[in-house]
Amino acid sequence: MNPLHNAVWLYLGSEARNAEEIAALADWCERNRVGKVIVYLSMDGRRNESVIDRVAMLTEACASRNIEVHGMVSTLIQRADDRSSLILQDKDCYCVDAHGISTFEEPITGKGFVLDPRHPEVIRTVPAKCAELLRTFPGLSGIHLDFIRYYHYESRLEIDTKSAGHWIGLPKAGQPIRLETADGIRTTYFIEQASNVYNDPPIGDKLVLARSYRYCFCDDCLSGFERHSGLAIPGTLDDTAGKARWLLERHPAEWAEYRASIVTDLVGSIREAIREERPDASLSAAIWYNAPYGNELRGEPFLPDSEYECFGQKWWEWVERGYVDFVCPMDYWMKPGSFGGIVDGQIRKSDGRVPVYAGLLKTSEFEIDRNGYEEYARLAEAGGAAGICFFHYGSWKQLL
C-alpha cells in the first residue's frame, strides 16, 4: 500500500523549472506524504521541447519515489488573448449565456472562452486532445480534468448616482449597458434598477446592473433540451432571455438534469478515449463544491448540490459509472468547521468507490498557517477523505 496519500497541483511557469527544483519538489512531496502530482499542461497542442523535457524529468524523478504524475487540462474553459489561438475556431462550439451573448464574441474577462460540451466537435476534440497528451508525455499516470463544468456566476453592480447629473435620465430598466476597459475588454450588463430622488434638480439614487453568467442557451442546446425532456419551449418566446427565464423559473429540475447529462456524457467520452490510448491510464477530475464562490467570506449561506444545479457536475454519477478513478473537490475559502461538513457530504456522495482528495487553498488573501493546516487535515481524515489536495505547490512549499 502506498503510504503517500495527499495530492498537489503544480504549475510549471514558476516551479519545477530544472533538475534542482524538481528534486526539491520530490523531497517536499515525500515530507508531506504526497503521492499524486497534478501538473497543468496546455491542451492547445503548442508544446515545445523545453516543456517535454521538463515533464520527462518530473515524471522520472517522481516515479523513482513512487509518486504519480497526472496531466491536468483546462477542459471546457479556454483562455486566450485572441481567438486565433483557440483549439476550435467555430463560434458554435462556444456557450451562449442566459442573455444570448456568446463567449466567443464576449469572452469572460476578455480571455475566457467557454466550450459547449454538447457540440459534436467539442465531443470529438477534447477526448482526442487528452489522449494526445498521454502520447506526448508517456510518463504520465493519467489525465486530470479541471473546468469540467459549465461556468456560473451572477454578477451585480450597484452604482451610486446621487451626483450623476442629467445622465440619470438615460438608463432604463431592461436596457443593455456596455462597460469597456482601456485595453478594450468589453462586458455587457443589463439595467435591473434605475432609481432617482429627483429628476429636477437631477439627483439620482442608484443604478443596479446585472449579468447572469449561466450556460448554455444556444439554439441547439435549447432544441436538445426539448428532445431530452419532452417539454416544448413556448413559441411565443422569441428571444434567448425569455426562453432562459422560462426554463429557470418553470423547469429548473429538468434543465439541471439535462445539463448534467451533457457533462457526464463528455466525461464518458474522455474516459473511452483514454482507455483506447492506454488502458492503464487513470482519469480524475476537479469538482466544485458550492456556489457562489467564497460565499462564507461574504456571510452568505451554502447552496447544497449547487455543483450539480449551477455547474452541471453530477460527479457522483461519474463515480458510479466508473468514469473517474479519483476526485479532487475544490473546497476553498472555508473555515475548518464548514470544510469538515462539506467533506463529509462529498464522502457520502462518493460512497467509498474512489479516493477523494479534499482541495485546500492557501493564498495571500486566504492564508493558512501550520496549525490551521493540521486542523483541516484532521477534519479531512475524520470525514473519510483519502487526503488533502494542495492548491498549489508554489503557495504551500514554504509552509510545509
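In this predicted model, helix α1 (residues 19-31) and helix α2 (residues 49-63) have axes that come within 10 Å and cross at roughly 35°. The crossing is right-handed. On the α1 side, the contact is made by A19, I22 and L25, and on the α2 side by R54, M57, L58 and A61. Sorted by type, the residues of this contact come out as six nonpolar, no polar and one charged.

Another helix pair is α3 (residues 120-136) with α6. Their axes come within 9 Å and cross at roughly 35°, and the crossing is right-handed. From α3, the residues V122, I123, V126, P127, C130, A131, L134 and R135 take part, meeting L266, S269, I270, A273, I274 and E277 of α6. That contact divides into eleven nonpolar residues, one polar and two charged.

Helix α5 is next. Its buried residues are A241, G242, K243, A244, W246 and L247, and they pack against α4 (219-229) and α6. Between α5 (240-250) and α6 (252-277) there is a loop, and that is where H251 sits. With a relative accessible area of 17%, H251 is under the 20% cut-off, so it counts as buried. Setting aside neighbours within four places in sequence, H251 is in contact with L231 and W246. W246 is itself among the buried residues of α5.

Helix α9 (residues 336-350) is where P336 is found. P336 has 27% relative accessibility, which makes it partly exposed. Not counting residues up to four places away in sequence, P336 touches E375, Y376 and L379. What about P336 and I22, a residue of the α1 contact? They are 314 residues apart in sequence, and their C-alpha atoms are 31 Å apart in space.

Now for the rings. The structure holds 29 aromatic pairs. One of them joins Y94 and F104, whose ring centres are 5.4 Å apart and whose planes stand at 35°, so this pair is tilted. Both Y94 and F104 lie in the loop between β4 (77-79) and β5 (112-114), so the pair ties together parts that are ten residues apart in sequence. Y94 is buried at 1% relative accessibility, and F104 is buried too, with a relative accessible area of 11%. F326 and Y357 form an edge-to-face pair, with 5.5 Å from centre to centre and 80° between the planes. F326 belongs to strand β12 (residues 326-329) and Y357 to strand β13 (residues 357-361), so here the pair links parts that are 31 residues apart in sequence. F326 and Y357 are both buried. There is also an aromatic cluster made up of W9, Y11, Y40, Y153, W288, Y289, Y293, F302, F311, Y332, W333 and F391.

How many disulfides does the model have? The count comes to zero.

Most residues other than glycine have a negative phi, and most peptide bonds are trans. Against that background, D200 and P201 are joined by a cis peptide bond, with omega about 5°. P201 lies in the loop between β9 (186-198) and β10 (203-213). The peptide bond from Y215 to C216 is cis too, with omega near -5°, and C216 lies in the loop between β10 and α4. As for phi, T109 has a positive value near 50°, and F147 likewise has a positive phi near 50°. T109 is in the loop between β4 and β5, whereas F147 is in the loop between β6 (142-146) and β7 (153-160). Are these residues buried or exposed? T109, at 61% relative accessibility, counts as exposed, while F147, at 14%, counts as buried.

Technical notes. Residues numbered from 1 in each chain as written. Predicted model: local features only at pLDDT ≥ 70, side-chain atom pairs only at ≥ 80, totals over all residues. Heavy atoms only, no water. Axes fitted to C-alpha atoms, helices over the stretch in contact; angles between N-to-C directions. Helix = DSSP H or I, 4+ residues; strand = E, 2+ residues; numbered from the N terminus. Left-handed = near helix turned anticlockwise from the far one by under 90°. Contact = heavy atoms within 4.5 Å. Nonpolar A, V, L, I, M, F, W, Y, C, P; charged D, E, K, R; others polar. Disulfide = S-S within 2.5 Å. Phe/Tyr/Trp six-rings, centres within 6.5 Å; stacked < 30°, edge-to-face > 60°. Buried < 20%, exposed > 50% of the residue type's maximum accessible area, 1.4 Å probe, protein only.
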